[in-house]
Amino acid sequence: MNKILEGAEARGAETKLWNFSDVDIKPCNSCWGCKNGEHGCVIKDDMRKLYDALDKADALVLGTPVYMGQMSAQAKIFTDRLFASSQFSPRFSPYFKETNAARKKLIIVFTQGNPDAGKFQVYFDYTKDMFQFLNFDVKDIVVVAGMRNEAARERKDLDAAMKACGSSLVLG
Ligand SMILES: Cc1cc2nc3c(=O)[nH]c(=O)nc-3n(C[C@H](O)[C@H](O)[C@H](O)COP(=O)(O)O)c2cc1C
């Protein structure tokens, strides 16, 4: 993630890194309070900071390990909570309004233990579709495979590709 942000910064972007381990984001409890008026999410937790940051951002890079063939629980909670934002209300929702729709660029980065980068392709394609329904302009799905022995930040072979990825987000 840091290298992707470095690549974007090198092209003049301002970036901010959020770690799911540093924020307290509770799961959506389907209260539908967000759809009752224009109040946004009724859960008052750190997701408020992320809604604010997303409001101002042109792009999002969402990084998650693959757990049980899917995004992590933390990433899924964040994704579910986007439902409360009128900008990301899904296109299939009766509450979707074209006038509210934001069009933010998105790159999703999956890391996985399995060395076969295509192993979870069906899920990655599905996830891409799902974020398109949330109005994101999905620029890329990056899969970093074979993470059994080394953390991504130790994998110097990834640096150039990740920087290029961040750079492309600004240029593309
Ligand atoms: C609970 C759990 C489930 C996992 N499930 C998968 C999986 O289904 N497929 C896979 O390739 N790797 C799986 N892994 C390995 C993680 O994807 C891998 O450890 C992670 O991408 C490493 O990134 P990190 O150093 O940022 O945690 C799993 C790991 C954990 C802890």
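A nonpolar core is a set of buried Ala, Val, Leu, Ile, Met, Phe, Trp, Tyr and Cys residues joined through C-beta atoms within 7 Å. Buried means that 20 or more other C-beta atoms, placed from the backbone, lie within 10 Å of a residue's own; exposed means 12 or fewer, and partly exposed lies in between. This is a predicted model: local features need pLDDT of at least 70, side-chain atom pairs count only at pLDDT 80 or more, and totals for chains, interfaces and linings use all residues. Residues are numbered from 1 along each chain as its sequence is written.

**View 1. The largest nonpolar core.** This core has 17 residues, and I4, L106, I107, L134 and C165 touch the most other members. Two or more residues come from each of α1 (2-10), β2 (105-111), α4 (121-133) and α5. The biggest share, 4 residues, is from β2. Helices (H or I, at least four residues) and strands (E, at least two) are DSSP runs, numbered from the N terminus.

View 2. K3, I4, G7 and A8 are the buried residues of α1. Beyond neighbours within four places in sequence, I4 is in contact (C-beta atoms, placed from the backbone, within 7 Å) with V61, M162, C165 and G166. G12, which follows α1, has a positive phi, near 100°.

**View 3. The ligand shell.** P65, V66, Y67, M68, G69, T111, Q112, G113, N114, M147, A151 and A152 surround the ligand (C-beta atom, placed from the backbone, within 6 Å of it). The shell holds 7 nonpolar residues, 5 polar and no charged. Here Ala, Val, Leu, Ile, Met, Phe, Trp, Tyr, Cys and Pro count as nonpolar, Asp, Glu, Lys and Arg as charged, and the others, Gly among them, as polar.

**View 4. Positive phi at M68 and N135.** Most residues other than glycine have a negative phi. M68 has phi near 50°, in the loop between β1 and α3 (73-81). M68 is exposed, with 7 other C-beta atoms within 10 Å. N135 has phi near 75°, in the loop between α4 and β3 (137-144). N135 is buried, with 21 such atoms within 10 Å.

**View 5. Confidence in the protein.** Confidence is lowest in α5, at a mean of 95, and highest in strand β1 (residues 59-65), at 98.

How values were computed:
Two residues are in contact if their C-beta atoms, placed from the backbone, lie within 7 Å. pLDDT is the predictor's confidence in each residue, from 0 to 100.
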